[in-house]
Every structure is written in structure tokens, then in C-alpha cells.
Amino acid sequence: MENTLGLEIIEVVEQAAIASSRWMGKGEKNTADQVAVEAMRERMNKIYMRGRIVIGEGERDEAPMLYIGEEVGICTRSDAKDYCNPDELIEIDIAVDPCEGTNLVAYGQNGSMAVLAISEKGGLFAAPDFYMKKLAAPPQARGHVDINKSATQNLKILSECLDRSVDELVVVVMDRPRHKELIQEIRQAGARVRLISDGDVSAAISCAFAGTNIHALMGIGAAPEGVISAAALRCLGGHFQGQLIYDPEVVKTGLIGESKEGNIARLNEMGITDPDRVYNADELASGQTVLFAACGITPGTLMDGVRFFHGGARTQSLVISSQSRTARFVDTIHLFDEPKTLQLR
């Protein structure tokens with residue numbers, strides 16, 4: 001899968017990032033997202049694959065493109081046999097977030113990126129559009145910290161695993177009213193808090209890279225992005241746990257169904273009979289082969305944003321593979337205009 005799709009998925013996230021970045025700072029978050037979706041889908045449909053969106057822009061009635069269940073790739077077309085033999089190709093599941101951090105793009109803030117994760121069919125957890133309590137940490141803490149423990153306990157464990165004092169730790173938390181007590185506890189334990197307005201996928205992944213000065217992600221964010229984060233952290237050997245949040249009273253902000261009872265019924269319909277189950281990275285991204293790709297839209301901790309120049313653009317991407325156990329940073333020059341003939345003087 002990596003040999004076949006590795007370069008292709010990099011180009012998918014690059015095209016989405018370039019399209020979205022043209023709307024950076026213009027205050028149009030919906031447009032920044034829409035153009036990213038269109039660019040991602042267009043490039044994805046040029047790949048020789050049989051792909052299915054398991055995490056996307058929403059249900060079909062709500063999203064015209066990259067909706068959950070949509071089939072993508074040349075080999076899903078009605079005339080696929082003119083281009084390939086679909087029966088010979090592996091079926092893959094795809095989780096996408098064409099513009100992770102739409103507000104960040106709209107207001108010219110750091111940390112937005114185009115991102116996707118892929119695995120063979122059935123290899124990614126089809127998370128409902130709920131919220132998820134998340135805990136991400138470096139590989140050294142994998143299996144030691146636990147989402148069921150308090151923040152204070154986990155910070156003590158993390159400090160021991162990383163051989164540094166608690167006051168040297170930095171925890172990323174989304175700036176939301178629901179996290180008021182969590183933020184207070186982290187600070188009282190002695191650690192430092194980095195508040196973010198959006199974009200917790202980038203924060204989760206940063207935990208697995210030394211030198212980012214991010215040592216944990218704690219708190220509640222969107223469940224689909226939790227699966228994408230888990231895919232990357234599984235490839236990197238980092239720690240990730242997620243627990244679905246179905247009670248609107250816990251979330252406090254944002255839409256999450258009409259009632260706790262109604263949300264539990266919806267989970268049961270999806271085959272999730274234990275709504276309080278804690279999932280780890282291997283369960284959220286369980287496929288034999290998992291690939292993750294991201295491209296910076298605006299500058300971030302791991303990648304620079306899209307930089308335009310006359311006639312082209314420069315992007316920085318990251319592709320992570322469970323197959324080769326690699327994390328590759330890719331710096332790409334995109335030429336929009338035909339290169340001019342060099343004149344010798």
C-alpha cells in the first residue's frame with residue numbers, strides 16, 4: 001500500500017492545502033473548507049484505487065463531497081474497467097479532514113493543515129460525529145499514562161517516563177469552557193498549559209516528536225479527528241486513548257444530538273453497545289497497514305504553511321507509515337506556470 005499510494009496521498013493533501021491557503025486571512029472559513037474538499041476529492045479521484053470515505057465531511061444529505069460512504073478513486077467509476085481491473089486492487093478506507101482548523105485559516109492563525117489517514121477495508125474506526133475525550137503522549141509513556149487517571153496522576157507518570165520534572169511539561173488543551181477545571185488541575189500540578197482554539201490533530205501528533213515542546217494532549221475534541229490522530233500515533237508508537245462523549249451536558253459547547261438518551265440509541269444503531277469504552281490507537285486504527293499524510297496550510301509546530309511565489313507555491317508535508325515505520329517530511333515546489341526557457345547571458 002505504501003509503495004502504491006505513498007506519493008499519491010502526499011499530492012492529495014498538498015492540493016487541498018494549496019487551495020485552502022488562498023483563503024488564508026480572508027475571514028471565510030466555510031469557503032476555505034469547501035475549496036480544500038473540492039481539491040482533495042479531485043486529486044483523490046485520479047488515483048488507481050478503490051477507496052471509501054469512513055470519516056469525512058458528514059452524511060450524504062449534509063455534504064455533497066467526501067461524505068461518509070462515498071467511493072473515491074478511478075477504480076470506483078462506472079467505466080472503471082476502461083482504466084483498471086478493480087478486482088485486483090485492495091479496498092481501502094479513508095478518513096479525511098481537508099481543512100483541519102478552518103477558523104485558523106480564516107483568521108490567519110497557526111496550526112491548520114490538510115490531513116488524511118488510510119488503511120485496508122475495516123482498518124479505521126468509523127467514529128460517529130460525536131465528541132471524544134482524548135489523551136495523547138510520547139512513545140516513552142505508552143501504556144503507562146491512562147485516560148481513566150486524573151491529570152495530576154498522569155503528569156506524575158509522564159514526568160517519570162520522560163525523566164523530567166512536572167514543571168518542565170507542556171500540555172495542550174483546547175480553549176473551551178468544558179476544560180476550565182482540567183486547565184486548573186494541570187496548572188496546580190505544576191505543568192504548563194498551551195491553549196489552542198482549534199486543530200488538536202497537530203497537537204496530538206506533536207507529542208510523538210522530540211523537540212516540539214509538547215508532551216501531552218488532554219481534553220475533549222471531535223471524535224473523527226481522534227481517529228485520524230490515533231492513526232498517526234499508532235504509526236509513531238505514541239500513546240493515544242479516546243473515549244466517546246455522548247452527553248451534551250459534558251460537552252457544554254457545540255452540537256452533539258438532542259439528548260444523552262438519543263445519542264446512546266444512535267450509538268447502539270451503529271453497533272457500539274458499550275458507549276463508555278476506552279479505545280487505544282491500535283483499536284481506532286486497527287488495519288495491518290496504516291498511512292497518514294498531512295500538509296501545512298498555515299505554519300505549525302511540525303510543518304510550515306503554504307508559501308506562494310510568482311508562478312508557484314512551496315509546501316511542506318508529512319507522511320507516516322506503519323509499514324516502513326517511517327515519518328517523512330516532504331518539501332515540494334509546485335510550478336503553476338510553464339517554466340520559462342533559460343536565457344544564457
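A: Start with two packed helices, α4 (151-162) and α5 (residues 180-189). They pack at an angle of about 40°, with their axes 9 Å apart. This is a predicted model: local features need pLDDT of at least 70, side-chain atom pairs count only at pLDDT 80 or more, and totals for chains, interfaces and linings use all residues. Residues are numbered from 1 along each chain as its sequence is written, and side-chain values use heavy atoms, leaving out hydrogens and water.

Q: What describes two packed helices?

A: The angle between their axes and the distance between the axes. Axes are lines fitted to C-alpha atoms, for helices over the stretch in contact, and angles run from 0 to 180 degrees between N-to-C directions. Here the angle of about 40° makes α4 oblique to α5. (Under 35 degrees is roughly parallel, over 145 roughly antiparallel, 65 to 115 roughly perpendicular, and the rest oblique.)

Q: Which residues make the contact of α4 with α5?

A: Contact means heavy atoms within 4.5 Å. From α4 come Ala151, Thr152 and Leu155. From α5 come Leu182, Glu185, Ile186 and Ala189. These residues divide into five nonpolar, one polar and one charged. (Ala, Val, Leu, Ile, Met, Phe, Trp, Tyr, Cys and Pro count as nonpolar; Asp, Glu, Lys and Arg as charged; the others, Gly among them, as polar.)

Q: How are helices and strands picked out?

A: They are DSSP runs, numbered from the N terminus: helices are H or I, at least four residues, and strands are E, at least two.

Q: Where do side chains point in a regular strand?

A: They alternate between the two faces of the sheet. Take β9 (residues 239-245). His239, Gln241, Gln243 and Ile245 point one way, and Phe240, Gly242 and Leu244 the other.

Q: Is β9 buried or exposed?

A: Seven of its seven residues are buried, so β9 is largely enclosed by the rest of the structure. (Buried is under 20% relative accessible area, exposed over 50%, partly exposed in between, with a 1.4 Å probe and protein chains only.)

Q: Which strands pair with β9?

A: Two strands pair if DSSP finds at least two bridges between them. Seven bridges join β5 (residues 131-137) to β9, running antiparallel. Ala137 stands opposite His239. β10 (residues 278-280) also pairs with β9 in the antiparallel sense, over three bridges. There, Gln243 stands opposite Val278.

Q: What is the phi of Leu66?

A: Near 50°, a positive value in a residue other than glycine. Leu66 lies in the loop between β1 and β2. Leu66 is buried, at 0% relative accessibility.
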